[in-house]
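Subject: Structure handover

Hello,

Here is the structure we talked about. Please open it and keep it beside this email while you read.

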Amino acid sequence: MSADDRFESTRRRLTAHQAETVARLADAAVTVLRERGHAALTVRLVAAEAGVAPATAYTYFSSKSHLLAEVFWRRLAALPQPESRDGTPVARVTEVMRAVALLVADEPELASGVTAALLDDDPEVAHLRVRIGTRIHERLSHALGPGTRPEVLEALEVMWDGALLRAGMGHQSYARIADRLETYARLILE
């Protein structure tokens, strides 16, 4: 995660101390999810796990959906951009999509929670959805290279969104979706 991402919050720019508090809350959310599951997760439980007052947690997060969307955003922001310009556009696009699809693959409770969270109508979540979508767009655009038609990039984004939603709904595992992304990308790019 870049320094700018670490200090940029949905609600405001953070000081170093505030950024540390937000990071502790995000880490605590994952711990609570692992131990209790998505249905039992509350901002109050996360605050207790992080060792902060509930009011402090609510200063940064409007809801559990906002908190879980932030967890996913932080993982995405910390994911290094593949730098390989070798290979075909299909190989580069697949590498980008696979990396993002596997961000939560080994944590079913987090995957379920993030899927539900990103569909929430909370304005803070909507803001994070835009940031997440922009980051995915940038990664795919970089993988495709210059001169790609905008509708090809859009088709890949829609395919990727649908694939992750399918995994989040439990129709296929994230690992299986990650394996299938190359096939889907080939259908669009070849």
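A helix here is a DSSP run of H or I with at least four residues, and helices are numbered from the N terminus. The model is predicted.

**Confidence**

The protein averages a pLDDT of 88. Of the residues, 93% score at least 70. Confidence is lowest in helix α1 (residues 3-7), with a mean of 48. Confidence is highest in helix α3 (residues 43-50), at 97.

**Helix α8**

Start with α8, residues 123-144. Its 22 residues should span 32 Å at 1.5 Å a residue. The end C-alpha atoms are 31 Å apart, so the length agrees. At the start of α8, a side-chain oxygen of D122 comes to within 2.7 Å of the backbone nitrogen of E124. After α8 comes G145, with a positive phi near 90 degrees.

Which residues of α8 are buried? They are E124, V125, L128, R131, I132, R135, I136, R139, L140, A143 and L144. Keep one rule in mind as you look at that list. An α-helix has 3.6 residues a turn, so residues three or four places apart point the same way.

**Salt bridges**

The whole structure holds eight salt bridges. One of them joins E107 to R34, with the closest N and O atoms 2.5 Å apart. This pair links distant parts of the chain. E107 sits in the loop between α6 (89-101) and α7, R34 sits in helix α2, and 73 residues separate them.

E107 also forms a salt bridge with R75, again with closest N and O atoms 2.5 Å apart. R75 lies in helix α5 (residues 64-78), so this pair ties together parts that are 32 residues apart in sequence.

Is E107 buried or exposed? E107 is buried, because its relative accessible area is 15% and the cut-off for buried is under 20%. R75 is partly exposed at 23%. R34 is exposed at 58%.

Another salt bridge pairs R186 with E190, with the closest N and O atoms 2.8 Å apart. R186 is partly exposed, at 34%. E190 is exposed, at 66%. Through shared partners, salt bridges join R34, R75 and E107 into one network.

**On the surface**

L119, L165 and M169 make a nonpolar surface patch of about 300 Å². L119 is in the loop between α7 (108-118) and α8. L119 counts as exposed, at 61% relative accessibility.

Last, find D27 in helix α2 (residues 16-36). D27 is exposed, at 53%. The C-alpha atoms of D27 and E49 are 9.1 Å apart, and the two residues are 22 apart along the chain.

Best wishes

Methods: Residues are numbered from 1 along each chain as its sequence is written. This is a predicted model: local features need pLDDT of at least 70, side-chain atom pairs count only at pLDDT 80 or more; totals for chains, interfaces and linings use all residues. Side-chain values use heavy atoms; hydrogens and water are left out. Helices (H or I, at least four residues) and strands (E, at least two) are DSSP runs, numbered from the N terminus. The expected span of a helix is 1.5 Å times one less than its number of residues. Buried means under 20% relative accessible area, exposed over 50%, partly exposed in between (1.4 Å probe, protein chains only). A polar contact is a pair of N or O atoms within 3.5 Å; within protein, one must be able to donate a hydrogen and the other to accept it, and residues adjacent in sequence count only if both atoms are side-chain atoms. Patches are made of residues with over 30% relative accessible area and no salt bridge: like charges are joined within 9 Å, nonpolar side chains (Val, Leu, Ile, Met, Phe, Trp, Tyr) within 5 Å. Accessible areas come from the Shrake-Rupley method with a 1.4 Å probe; for residues, only the protein chains shown count as cover. A salt bridge is a side-chain nitrogen of Lys or Arg within 4 Å of a carboxyl oxygen of Asp or Glu. pLDDT is the predictor's confidence in each residue, from 0 to 100.
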